[in-house]
Structure formats: C-alpha cells, structure tokens
Amino acid sequence: MTISIQRCQSCGTFNYPAHAVCGNCLSDALADCAIEGRGVLLALSTVHHSLDPEWRAHLPVQLATVDLDCGVQVICFAEPGLQTPARVCLAPSQDRPGVWIARAQDA
Amino acid sequence: MTRPHAYDGVAVVCPTTVTYEKTSTRSAHWFLARALAQLIAAAGIAKEEIDGLASASFTLAPDSTIALTEHFGMAPRWIEWLPFGGVSGVMALRRAARAVQMGDANIVACIAGDTANPETFAGLVNNFSSFSSQAIIPYASAGPNGCFSLITQHYMQSFGVTREDFGRIALAQRANAATNPNALLGGKSLTMEDYLAARPVAGPLHLFDCVMPCAGAEGFLVMEVRRARALGLPYATIRGAIERHNAYREDPIAVRSGWAMDRDALYAQSGLDCSAIDCVQTYDDYPVITMMQLEDLGFCAKGEAADFVRRHDLTIQGDFPVNTSGGQLGCGQAGCSGGFLTVVETLRQVTGQPLGGQVRDARIGLASGYGMVTYDRCLGTGAVILEGAR
C-alpha cells in the first residue's frame with residue numbers, strides 16, 4: 001500500500017505538508033508522488049482531549065510522529081501496541097478517509 | 001555573521017499588566033487600550049508623546065496595529081504588528097529598541113492583549129496555519145497539546161525524564177504564583193500528589209502541564225535612557241538580545257530550538273555568562289519547553305535539565321528563580337500576552353516593581369520567548385538580557 005507525498009520535480013526533495021513551492025529550491029514544479037511510507041516511529045501519544053466536539057466520542061486515539069525514509073516528518077495516527085522507536089509503515093486509514101495510520105513494518 | 005550593534009542608550013520602562021480574567025466579553029481592543037492607558041499613567045506622559053506603537057494579538061482580527069491608532073486616537077510615526085504569540089515580546093522589544101536608537105521614534109509603547117471566551121481558543125487553533133489545517137487538524141484536533149505531547153514523550157524517552165521532573169517545575173511556578181495577585185491559579189496550592197494524579201490530556205501531558213487560556217494584556221515602554229531619567233522612571237537597559245526562526249528544521253522532532261544557535265551571540269553581546277543571571281523567565285507553554293530553554297540557553301547541557309531542576313530551587317527565594325510571576329502555568333495564557341509576560345516580569349524583577357514576590361537583589365534577568373506552532377514545533381525563539389538601573 002502506498003501514500004502520496006508531494007515531491008519537487010526539479011531537485012527531488014519531498015515536501016510535507018504540501019508546499020506552494022519546494023522548501024529546498026523554491027521551484028513550483030511539484031507533483032504528488034506515491035511512496036511506500038516507510039520510516040521510524042519517533043514519538044507516541046494517547047490523545048484524551050479534542051477541541052472538536054465531533055471527535056470526543058472517538059477518543060482516546062493514538063497519535064504518532066513518524067520520520068519517513070524520504071526525509072519528511074508526519075504526525076499521524078498509530079495502531080495499538082506500537083512502542084518507540086520502531087520501524088513503521090504509513091497506510092491510509094480504513095475507518096477515517098483522508099488520514100494515515102502507522103503500522104508495524106514487517107521485518 | 002556581522003556582530004549586531006549594542007543597544008546603548010535604550011531604556012525599557014513601566015512594566016504593566018492588565019488584570020487577567022478566565023473569560024471575557026470585552027474585545028482585544030479593550031485589553032490593549034487598558035495596557036496603553038496604564039503605560040501613559042505609569043510614565044506620567046501625554047498620549048501624544050507616544051510616537052511608536054508595537055502590538056501583538058491573536059483576537060484583534062480583522063484589525064491590527066494600524067487600526068489601533070484610529071481606535072486610540074494616535075498619530076504615531078512608527079508602528080509594528082507582531083501577532084507572533086510566544087516570541088512577540090522579545091521581537092517587540094528588539095524592534096522598538098532599534099527604532100528609538102535610530103530616532104525613528106521617541107517613545108514606543110509595546111503592548112500585547114487578547115480576549116478569551118469558549119469560542120476564541122478553538123477558533124484560533126482551527127485557523128492557525130495552512131500546514132496545521134492540512135496536516136494537524138484532521139488528526140483528532142488535539143491543538144497544541146497533541147504536538148507537544150509527542151515532543152514531550154520523545155524528550156522523556158531520550159533523556160530519562162519522569163513526570164515528577166516536570167512536576168518540580170509546575171510546583172515551583174505554582175508557589176511563585178501564590179505571591180502574584182494577577183495569577184489566576186495563585187490561590188490554589190499544588191502538591192506533587194495533585195500533579196501526578198491530574199487527569200490525562202495527551203500522552204505524558206496531564207492537566208497541570210497545560211496552560212489555561214485567559215484574557216489579559218501586558219506592556220512596556222521603550223525610550224532613551226536620558227528620557228527615562230528625566231521622567232524619573234526606574235529602567236532597565238538591554239545587555240543583549242537574540243531572535244531566530246525555523247532553526248534546526250533538520251531535526252526530525254524538536255529536542256532543541258533557536259536559542260542553542262544564538263546563545264553564544266547573546267552572551268557575547270551582553271559581556272556576561274549564565275552565572276551573572278539573577279532570574280530567568282522561560283516561555284512555559286509546557287514544562288518540557290522550559291527544560292529545553294535551560295539547556296539551549298546554556299544553564300546546563302542537553303539532556304541535563306531534569307537533573308538541573310532536581311538540584312535547584314526554582315522558587316522566588318530559591319537559588320535559581322524561574323518564572324517568578326508564576327509564569328503562564330500559574331497566571332494563565334492571555335494569548336500573545338504570554339509572549340510578553342517573560343519580558344514584563346524580567347523588567348519588574350530587575351527594576352524592583354514585582355506584582356508578587358521580589359527576587360532578592362535581582363539586577364540582571366533573562367527573558368525568553370518561543371512561539372508559533374504552525375506544524376510540529378514552534379518556529380520562533382528569542383531571548384533578551386535586561387539589567388536594572390536603579
């Protein structure tokens with residue numbers, strides 16, 4: 001399964017969150033690039049409180065910081081049972097459209 | 001790097017605070033106006049003598065400093081708009097000082113103020129930055145607590161820090177707040193048992209690691225030393241000041257920030273080292289950020305702040321006073337005023353005008369700033385060393 005991260009067509013730098021221009025070379029030749037989403041789980045946190053009332057029924061959820069091998073850092077959800085640090089893989093969430101979840105990476 | 005010019009001849013005067021309130025139906029304009037009126041009264045000058053105005057606010061929209069000139073009936077020849085939260089106080093001071101030094105303004109009023117009600121905080125967080133809208137809010141809308149809980153968990157694991165270590169900071173600040181009538185939590189004692197048993201918010205962050213949003217304002221005036229003397233005002237001079245934005249982007253998660261990049265310049269400009277500092281005001285949105293500042297500003301090595309707070313007494317009477325007003329953890333976070341609080345409290349301490357307890361013989365103080373979490377960390381850092389001239 002892949003995820004999509006913006007990549008500069010001029011210098012190859014990945015940019016996340018999506019930029020108006022490349023954060024490295026300022027080119028505006030940017031395109032979404034499908035990658036495997038592998039990286040290192042750097043931090044984990046169980047969120048008990050949300051500013052959005054819609055979220056409150058779905059708490060707690062696990063939040064994570066993942067340092068992707070392509071050089072960007074992503075704050076995303078995490079499946080239960082992970083510990084830091086660990087190799088993980090990001091995938092689109094099955095239950096929540098538009099967000100990613102970190103899963104244990106098969107060795 | 002070119003060495004910056006000294007801040008010779010510049011005085012910082014009249015630390016002012018507009019009483020904090022948990023919520024308010026008044027506008028940010030009102031809080032900023034009260035700060036200005038209090039500054040004018042404290043200095044004993046006419047409104048017309050203020051020819052520079054720097055302001056900071058998160059809840060003034062759609063207005064900014066230029067609209068305030070009309071609200072306040074002023075015609076300043078220099079204005080600055082610095083809605084940069086935790087780093088706005090140091091930034092305002094640096095800019096105002098240069099304007100006065102260069103003759104672009106005679107007297108600059110630096111004010112920060114915000115109102116607060118149940119809608120303002122969520123509204124602010126939901127519209128804080130384009131990166132946040134895109135990549136943070138979809139992840140459970142946890143606000144700054146989400147991002148800083150991740151930074152805190154990583155810091156604890158990296159350096160063997162416990163919740164009790166953070167608790168030492170929270171307890172010391174609560175004790176300091178007890179002396180400050182403006183501190184919203186000053187009347188409530190906090191024990192380590194209370195701290196550890198508090199309800200969880202996000203990861204290692206529990207209730208007493210998080211600031212309480214509130215309404216209020218802070219301010220000060222910047223003018224020439226000779227003018228401060230002529231007005232008979234207690235004043236401080238600026239020994240050194242630094243500022244940095246988006247430092248160490250290459251760190252995959254924040255363990256340090258811009259202070260580490262610029263602290264040598266700060267102490268070189270000041271002609272001082274850490275041991276000369278009588279009291280420190282850190283930007284205390286979370287205890288982990290206070291620890292990072294103690295490290296990055298050179299008071300201890302990276303990873304050693306927990307040990308540092310175990311070995312030192314951070315209260316007003318202690319051997320290393322930190323956040324002597326109670327900080328934001330004790331006073332509340334009045335929006336951008338939180339970024340002014342460190343500067344205003346340092347000015348109070350070194351000029352002998354505290355709202356609460358006075359650090360004995362405080363002459364030199366360090367005020368730090370940290371602001372604007374647009375994605376996974378705050379971008380702005382700053383610090384200033386003030387010396388009281390009584």
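Let's start with a pair in chain B: Arg168(B) and Asp165(B) form a salt bridge, with N and O 2.9 Å apart. By salt bridge I mean a side-chain nitrogen of Lys or Arg within 4 Å of a carboxyl oxygen of Asp or Glu. Both residues sit in helix α7 of chain B, residues 163-177. They are 3 residues apart, about one turn of the helix. Helices here are DSSP runs of H or I, at least four residues; strands are runs of E, at least two; both are numbered from the N terminus.

Buried or exposed, what is Asp165(B)? Asp165(B) is buried, at 1% relative accessible area. Arg168(B) is partly exposed, at 29%. The cut-offs: buried is under 20% relative accessible area, exposed is over 50%, partly exposed is in between, with a 1.4 Å probe and protein chains only.

A word on the model. It is predicted: local features need pLDDT of at least 70, and side-chain atom pairs count only at pLDDT 80 or more, while totals for chains, interfaces and linings use all residues. Residues are numbered from 1 along each chain as its sequence is written, chains are lettered from A and ligands numbered from 1 in the order in which they are written, and side-chain values use heavy atoms, with hydrogens and water left out.

Back to the salt bridges. Over all chains, the count is 21. Next pair: Asp262(B) and Arg244(B), at 2.6 Å, N to O. Asp262(B) is in helix α10 (residues 259-270) and Arg244(B) in strand β8 (residues 235-245), so this pair ties together parts of chain B 18 residues apart in sequence. Asp262(B) is buried, with 5% relative accessible area. Arg244(B) is partly exposed, with 25%.

Now one with a longer reach along the chain. Asp376(B) pairs with Arg249(B), the closest N and O atoms being 3.4 Å apart. Asp376(B) lies in the loop between β10 (364-373) and β11 (378-389), and Arg249(B) in the loop between β8 and α10, so the pair ties together parts of chain B that are 127 residues apart in sequence. Asp376(B) is buried, at 6%. Arg249(B) is partly exposed, at 31%. There is also a network: shared partners join Asp165(B), Arg168(B), Asp307(B), Arg310(B) and Arg311(B).

On to the domains of chain B. Domain 1 is 10-119 + 215-230, and domain 2 is 135-204 + 236-389. Those bounds come from an automatic or database domain assignment. The contact takes 43 residues from domain 1 of chain B and 38 residues from domain 2 of chain B. Contact means heavy atoms within 4.5 Å. The domain centres, taken over C-alpha atoms, are 23 Å apart.

Together the two domains bury about 2900 Å², 70% of it on carbon and sulfur atoms. Buried area is the accessible area (1.4 Å probe) that two parts lose on being put together, summed over both.

How many salt bridges are counted between domain 1 of chain B and domain 2 of chain B? The count is 2. In chain B, Arg95(B) forms a salt bridge with Glu243(B), closest N and O atoms 2.9 Å apart. On the domain 1 side, β1(B) gives the most residues, with 12. By class, that side has 25 nonpolar, 11 polar and 7 charged residues. Nonpolar means Ala, Val, Leu, Ile, Met, Phe, Trp, Tyr, Cys and Pro; charged means Asp, Glu, Lys and Arg; the others, Gly among them, are polar.

Now chain A. Chain A has 0 helices and 8 strands. Its C-alpha trace spans about 45 × 35 × 20 Å along the principal axes. Of its 107 residues, 46% are buried.

Last, chain B against chain A. The contact takes 27 residues from chain B and 30 from chain A. About 2600 Å² is buried between them, 62% of it on carbon and sulfur atoms. Tyr139(B), Ala140(B) and Leu150(B) lose the most area on the chain B side, together 27% of what that side buries.

How many salt bridges does the rule find across the interface of chain B and chain A? It finds 0. Polar contacts are there, though: 15 residue pairs, both at pLDDT 80 or more. A polar contact is a pair of N or O atoms within 3.5 Å; within protein, one must be able to donate a hydrogen and the other to accept it, and residues adjacent in sequence count only if both atoms are side-chain atoms. On the chain B side, α6(B) gives the most, with 6 residues. That side divides into 16 nonpolar, 9 polar and 2 charged residues.
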